[in-house]
Amino acid sequence: MATQDLCGCPILTGRNAAPSHYLFKIESFPLLIQSLVEKYITDNFEAGGFKWKMHIYLNGDTLMKVTDHISIYLELAETAGSLPTGWEVNAIINFFIYNQIEDKYFGLQDGRVKRFHAMNRRWGVAKFIDLKTFKNPLNGYVVDDSCVFGAEVYIVKNTFKGERLSMMTDPPIYKYTWKVKNFSALASKTYESASFGCYNWKVSLYPNGDAEGKGNCISAYLELSHSIFPPNTKLFTKYILCVKDQKNGKDIEFEADRLYTPASPCWGFRQMLTLAKLMDSKQGYLVDDTCIIEAQVKLLGLVLPES
């Protein structure tokens, strides 16, 4: 078991060599904290023949009753169809943070093997480093508001994929109101709104529901066209989808933080509002056979490749 300090955090050891598989740089770290994002999940990266992603909890993993710490995990991101029945993956995981003053990477390298399988696809450290130590510029982890995390899986290779999150100082907000008329006559599976915002966002509506919402709810998604993405860029967003209550002001609203990529250009909610509640004349969600959906997206930052 790794030696711990008085705060219950592992005692990290430093080295000169960078993590071999993945580096993730966050620019404007205070802005990321102020945006009230609970955690950031990176895009997939490949190591040891598998795809992985990092989960970084900015103020601790509340499910583990941890606060005022950085919590960090590694998830096996392979889809269920890409792995055989009864699969398991054994991995040695190393997590790092970069000390910009000492020019060293400090990390937990206990050498223990972690077993990934269908019932447990994630391993990590709930108390990786306490926030007071991490944010103090004299300690070197956050310098000029930027910080760097890293990960290694299996053997050391010089094939890591690097990315950096560049937060917006004044994040642009795009809003759109869509009046869906003649709702009861909608017969197609899905409908698209007009585009809005500089990236041509669109709302996709499934009037009879999608997936687990099919036949019992309306489903709504916020999506981008593959052709819209700037080269080698991913969009980190906070978005809201809302069904307006036109009589009582009791709007149905859902909010989420998501990373839009060419591989994942569409996010939303499958069970926005039950069809029974929508059709109830005592409610105000369908008036004169018109349903009003509002969308708002805030572009928090851009994820760019790091050479």
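Biologist: Is D251 buried or exposed, or in between?

Modeller: D251 is partly exposed, at 28% relative accessible area. Buried means under 20%, exposed over 50%, and partly exposed in between, with a 1.4 Å probe and protein chains only.

Biologist: What does K244 form with D251?

Modeller: A salt bridge, with the closest N and O atoms 2.7 Å apart. The rule asks for a side-chain nitrogen of Lys or Arg within 4 Å of a carboxyl oxygen of Asp or Glu. K244 is partly exposed too, at 22%.

Biologist: Which residues are joined into a network?

Modeller: D43, E163 and K234, through salt bridges that share partners. K234 and D43 meet at 2.4 Å, N to O. K234 lies in strand β17 and D43 in the loop between β3 and β4, so the pair ties together parts 191 residues apart in sequence. Strands here are DSSP runs of E, at least two residues, numbered from the N terminus. K234 counts as buried, at 11% relative accessibility.

Biologist: Before we go on, what are the ground rules?

Modeller: This is a predicted model: local features need pLDDT of at least 70, side-chain atom pairs count only at pLDDT 80 or more, and totals for chains, interfaces and linings use all residues. Residues are numbered from 1 along each chain as its sequence is written, and side-chain values use heavy atoms, leaving out hydrogens and water.

Biologist: Which strands pair with β20?

Modeller: β13 (residues 173-180) pairs with β20 in the antiparallel sense over 8 bridges. β17 (residues 234-243) also runs antiparallel to β20, joined by 10 bridges. Pairing requires at least two DSSP bridges between the strands.

Biologist: What's the volume of the largest pocket?

Modeller: About 600 Å³, taken as the space filled by probe spheres set on grid points joined across faces, edges and corners. A pocket is an open set of points on a 1 Å grid over the protein atoms alone, where a 1.4 Å probe fits, with protein on both sides within 12 Å along at least five of seven lines.

Biologist: Which residues are closest to its centre?

Modeller: Of the 19 lining residues, I41, K53, R258, L259 and W267. Lining residues have an atom within 4 Å of a point. β3 (39-41) and β18 (252-260) each supply at least two of the lining residues.

Technical notes:
Helices (H or I, at least four residues) and strands (E, at least two) are DSSP runs, numbered from the N terminus.
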